[in-house]
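Let's take a walk through this protein together, starting from the inside and moving out to its open spaces. Have a look at the model first.

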Amino acid sequence: MPSLREPVAFHLLVNGRYEPALRRLLERRLSPGDAYVDVGANVGAFVLPASRMVGPGGAVLAVEAAPGVLPYLRRTVQVNDLTNVRIAGVAAAAAASGATDFYEAPADHFGMGTRAPRFHAAPITVPADTLDGLLARHAMTRVRVLKLDVEGGEADVMDGAAGLLEGDEPPLVVFEFADWAEAGLHPPGTAQQRLLDAGFRLRRLPDFLRGRQRWLERPLTTGTETFVAERGP
């Protein structure tokens, strides 16, 4: 990691893991042979354990748009010999435009790059594709868990994943909401509404882990939260 001032590096150094609640979700839902997709994979803090959970017969797709982050993600995959992981160095977008503007983050906010203007950075151009397109390219037809953490751009990823989300076997979707981040690209709560409109039920990650049936009645528009979305009866 380029800086221990940012949270992923700090928690990995001090605790050996990052966001343990999310890791517990993966432990409960991923089994050998499953497919896991991580959009906003960062340095691979969840790609690494997920790769081991799904095993040689499973598959992991790690999507990361930030050019400055990609070498660290590739190094994680290389040194841990994660042969079931494929890396897509693109922005998962609403449409297969081929390219999009992107704003890199400074070292102390490493991994927080976004398509919204931030950090007084000048925009750069990065490749872009839909998640449906990426899944087709990597021959991933059934995804068990989809994790999204793209600094407010989650709704765009969902718009480009209609085939996955509206299919017969939709994944469990876990995603981060932060009002200030989503406001840079969409009205806060847009990603939640996208999933509600697609027939998913949403609850907070702690409620999911405790088995509480506390479903979200309407999108949260303020604060921060990690949500789990499921589609089913």
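This is a predicted model: local features need pLDDT of at least 70, side-chain atom pairs count only at pLDDT 80 or more; totals for chains, interfaces and linings use all residues.

In soluble globular proteins, nonpolar side chains tend to be buried together. Here, the largest nonpolar core brings together 37 residues, and L25, L26, L30, Y36 and V145 have the most contacts inside it. Several elements supply at least two residues each to this core, including α2 (20-29), β2 (59-63), β6 (124-129) and α10 (205-210). The element that gives the most is α3, with four residues.

Leaving aside residues up to four places away in sequence, L25 touches V145, L172, V174, L205, F208, L209 and V228. Apart from this core lies another one, of 32 residues, with L131, L164, F200 and F227 among them.

Now turn to the pockets. The largest holds about 640 Å³ of space. Its lining is made of 43 residues, and those nearest the centre are G111, D149, V150, E151 and E176. By class, 24 of the lining residues are nonpolar, nine are polar and 10 are charged.

Of its 15 lining residues, L12, G44, A45, L48 and T76 lie nearest the centre. Both α3 and α4 give two or more residues to this lining, and α3 provides the largest share, three residues.

How values were computed: Residues are numbered from 1 along each chain as its sequence is written. Side-chain values use heavy atoms; hydrogens and water are left out. A nonpolar core is a set of buried Ala, Val, Leu, Ile, Met, Phe, Trp, Tyr and Cys residues joined through side-chain atoms within 4.5 Å. Buried means under 20% relative accessible area, exposed over 50%, partly exposed in between (1.4 Å probe, protein chains only). Contact means heavy atoms within 4.5 Å. On a 1 Å grid over the protein atoms alone, a cavity is a set of points where a 1.4 Å probe fits but cannot get out, and a pocket is an open set with protein on both sides within 12 Å along at least five of seven lines; lining residues have an atom within 4 Å of a point. Grid points are joined across faces, edges and corners, and a volume is the space filled by probe spheres set on the points. Ala, Val, Leu, Ile, Met, Phe, Trp, Tyr, Cys and Pro count as nonpolar, Asp, Glu, Lys and Arg as charged, and the others, Gly among them, as polar.
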